[in-house]
Structure formats: structure tokens, C-alpha cells
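Dear colleague,

Please find below the structure that I am handing over to you. My notes on what was found in it follow directly after.

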Amino acid sequence: MNVHEQVQEEGVNRRKGLFITLEGGEGAGKTSLMEEAARVLEARGIQYMTTREPGGIRIAESIREIILNPSHTEMDARTEALLYAAARRQHLAEKVEPMLAQGITVLSDRFVDSSLVYQGYARGLGIEEVLSINMFATAGRFPDMTFYLDIEPEQGLARIAAGQGREVNRLDLEGLSFHHKVREGYRIVSGMFPSRIHEIDASGSFEEVAAALTARLDAALKDFGV
Ligand code: TYD
């Protein structure tokens with residue numbers, strides 16, 4: 001049963017929260033657009049909380065530090081995939097699932113698609129293989145809707161270099177070809193989940209991208225009967 005059916009069956013008072021995720025490559029503007037998405041939920045009177053991956057809670061934040069530490073250059077690709085999956089499990093069990101069960105909508109900066117793309121495709125571990133360890137980690141929980149912010153890697157990295165993003169981490173230090181693979185990976189994963197993943201062109205100004213996200217999010221919320 002999907003959330004929409006659940007909403008109809010249980011009525012508004014026992015509505016389950018929606019699980020919404022934002023995805024995208026480096027410099028797509030995800031962090032500011034998270035705030036925009038939160039404003040949309042707020043305006044619709046939807047009770048929500050925001051979180052991020054890898055992290056969002058103490059144990060997962062510690063795992064995040066290990067993964068993103070720029071000095072950990074010897075990290076094996078499978079170790080990285082398993083650490084992301086471990087952080088995801090803890091975050092899901094400790095924070096996301098309890099919120100959804102209380103009827104609170106969860107808006108997360110990244111989730112399983114990041115692993116499918118970065119570890120599965122860009123690192124070359126295989127999307128299916130990474131999906132299978134993540135099915136174990138998430139017990140099959142997928143977001144109800146995902147917004148993928150699409151941007152040319154050159155433009156995204158230029159935004160970070162111009163100081164419009166956040167601090168540089170280990171993955172930013174990858175070559176341009178890695179970031180191109182990330183973009184290709186997102187295209188492939190979007191094709192695997194066409195009804196869940198909504199692609200948004202993130203190449204325009206912040207106002208343009210924010211307006212596109214608002215429109216798509218509104219439409220998706222309507223589809224879910226919210
Ligand atoms: P973060 O500082 O959150 O950057 P961003 O603003 O791009 O989200 O760093 C998260 C990095 O971790 C980002 O480069 C993507 C990567 N990542 C993976 O490789 N696999 C994953 O499963 C997740 C959640 C993130």
C-alpha cells in the first residue's frame with residue numbers, strides 16, 4: 001500500500017508522513033533548495049522535519065566524519081558504500097521512521113539514490129550491488145518522492161569555487177570525470193524510478209530553480225492527495 005492509499009484509508013487524522021528527498025551533484029544548490037522545499041511544506045500547513053545524509057543523528061554524523069575526512073585517501077570503495085549504508089540505517093531507524101509513523105513529513109538532503117549514483121555508478125561498484133546492500137539497510141524503504149537537481153558538473157563546481165556552496169570535502173577533490181559520471185548515474189537511476197524521481201533543471205538562477213522546484217513539489221503533493 002502506498003502512502004496515498006494509506007491516506008485515503010486512514011483519513012486525515014491518522015495520515016502517515018511523506019518521505020521526500022532532494023538529490024543532486026556538487027554545487028546544484030541543494031542546501032538552499034532544501035529551505036525552499038521546507039517553505040512550500042510550511043505554506044501548505046504540512047508538519048515536517050528536515051534532515052540530511054550522511055548524518056542527521058549522532059552515530060551517523062560520526063560515520064560521516066570518517067567517510068568525508070579528506071585525509072582518508074586509502075578508503076576502499078566497498079568500505080565507503082557500507083559506511084554510507086550503515087549511517088543510513090541508523091538515521092532511518094532512529095529518526096526517519098519514528099517521524100513518519102507520527103504523521104510527520106520528512107524532508108531529507110540525500111538518501112539511497114546518492115549511494116546508487118556515487119558508489120554504484122561513479123565508483124563502479126554496480127548499481128544493483130549497491131541497491132542490494134541498501135535494501136538490507138533500509139528494509140526496502142524508499143522515498144515517496146525525490147527531486148533531482150540536474151546541473152552540468154562544470155557549472156556546479158564553478159559555483160562551489162566561487163564560494164556559493166559549502167566547504168570542500170573529499171569527494172569534491174575528485175576529477176571532473178567523476179562528477180560527469182555522477183550526472184550520468186543520476187540519469188540512469190532516474191530512469192529506474194521514473195514515477196518517484198522528478199528531474200529539475202538547476203542551471204538557472206536561484207529564483208528560477210526555486211520556482212521550478214515549488215511547482216513540481218506542489219504537483220507531487222497533489223498527486224498524493226495532500
Ligand atoms: P555534503 O557535504 O553533504 O555535500 P552535498 O552538499 O553535496 O550534499 O557531502 C555529501 C557527499 O557524500 C556528497 O559528495 C555525496 C556523497 N554521498 C555519497 O557518495 N553516497 C551517499 O550515499 C551519500 C548520502 C552521499
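**Helices α5 and α6**

The axes of helix α5 (residues 112–122) and helix α6 (residues 127–138) cross at roughly 140° and come within 8 Å of each other. Axes here are lines fitted to C-alpha atoms, for helices over the stretch in contact, and angles run from 0 to 180 degrees between N-to-C directions. Helices (H or I, at least four residues) and strands (E, at least two) are DSSP runs, numbered from the N terminus. Two packed helices are described by the angle between their axes and the distance between the axes.

Please note that this is a predicted model, in which local features need pLDDT of at least 70 and side-chain atom pairs count only at pLDDT 80 or more, while totals for chains, interfaces and linings use all residues. Residues are numbered from 1 along each chain as its sequence is written, and side-chain values use heavy atoms, with hydrogens and water left out.

α5 passes α6 in a right-handed crossing. A crossing is right-handed if the near helix is turned clockwise from the far one by less than a right angle, and left-handed if anticlockwise. On the α5 side, Val 112, Ser 115, Leu 116, Gln 119, Gly 120 and Tyr 121 meet Ile 127, Val 130, Leu 131 and Asn 134 of α6, where contact means heavy atoms within 4.5 Å. The residues of this contact comprise six nonpolar, four polar and no charged. In this grouping, Ala, Val, Leu, Ile, Met, Phe, Trp, Tyr, Cys and Pro count as nonpolar, Asp, Glu, Lys and Arg as charged, and the others, Gly among them, as polar.

**Two further helix pairs**

Helix α2 (residues 30–43) and helix α9 (residues 206–223) have axes that come within 10 Å and cross at roughly 40°. That makes α2 oblique to α9, and their crossing is right-handed. From α2, the contact involves Ser 32, Leu 33, Glu 36, Ala 37, Val 40 and Leu 41; the residues from α9 include Phe 206, Val 209 and Leu 213. The contact of α2 with α9 divides into ten nonpolar, two polar and two charged residues.

For helix α7 (residues 153–161) and helix α8 (residues 176–192), the axes come within 9 Å and cross at roughly 120°. α7 is therefore oblique to α8. In this contact, Pro 153, Glu 154 and Leu 157 of α7 meet Leu 176, His 179, His 180 and Arg 183 of α8. These residues divide into three nonpolar, two polar and two charged.

**The sheet**

Five strands form an open sheet in the order β2-β3-β1-β4-β5, with parallel pairing; two strands pair if DSSP finds at least two bridges between them. β2 (48–52) and β5 (197–201) stand at the edges with a single partner strand each, so one side of each is left without a neighbour in the sheet. From one strand to the next, the twist averages 20°.

Strand β1 (residues 19–24) and strand β3 (residues 105–109) run parallel and are joined by four bridges. Leu 22 has Asp 109 as its bridge partner in β3. Helix α4 (residues 77–101) lies across β1, β2 and β3, and runs at about 165° to β2. α5 lies across β1, β4 (145–150) and β5, running at about 25° to β1.

**Salt bridges and backbone details**

A salt bridge is a side-chain nitrogen of Lys or Arg within 4 Å of a carboxyl oxygen of Asp or Glu; by this rule the count comes to 15. Glu 23 forms a salt bridge with Arg 110, and their closest N and O atoms are 3.9 Å apart. The pair links distant parts of the chain, 87 residues apart: Glu 23 is in strand β1, and Arg 110 is in the loop between β3 and α5. Phi of Arg 110 is near 75°, a positive value in a residue other than glycine.

Finally, the peptide bond from Glu 53 to Pro 54 is cis, with omega near -5°. Pro 54 lies in the loop between β2 and α3 (58–68).

Yours sincerely

Notes: Parallel < 35°, antiparallel > 145°, perpendicular 65-115°, else oblique.
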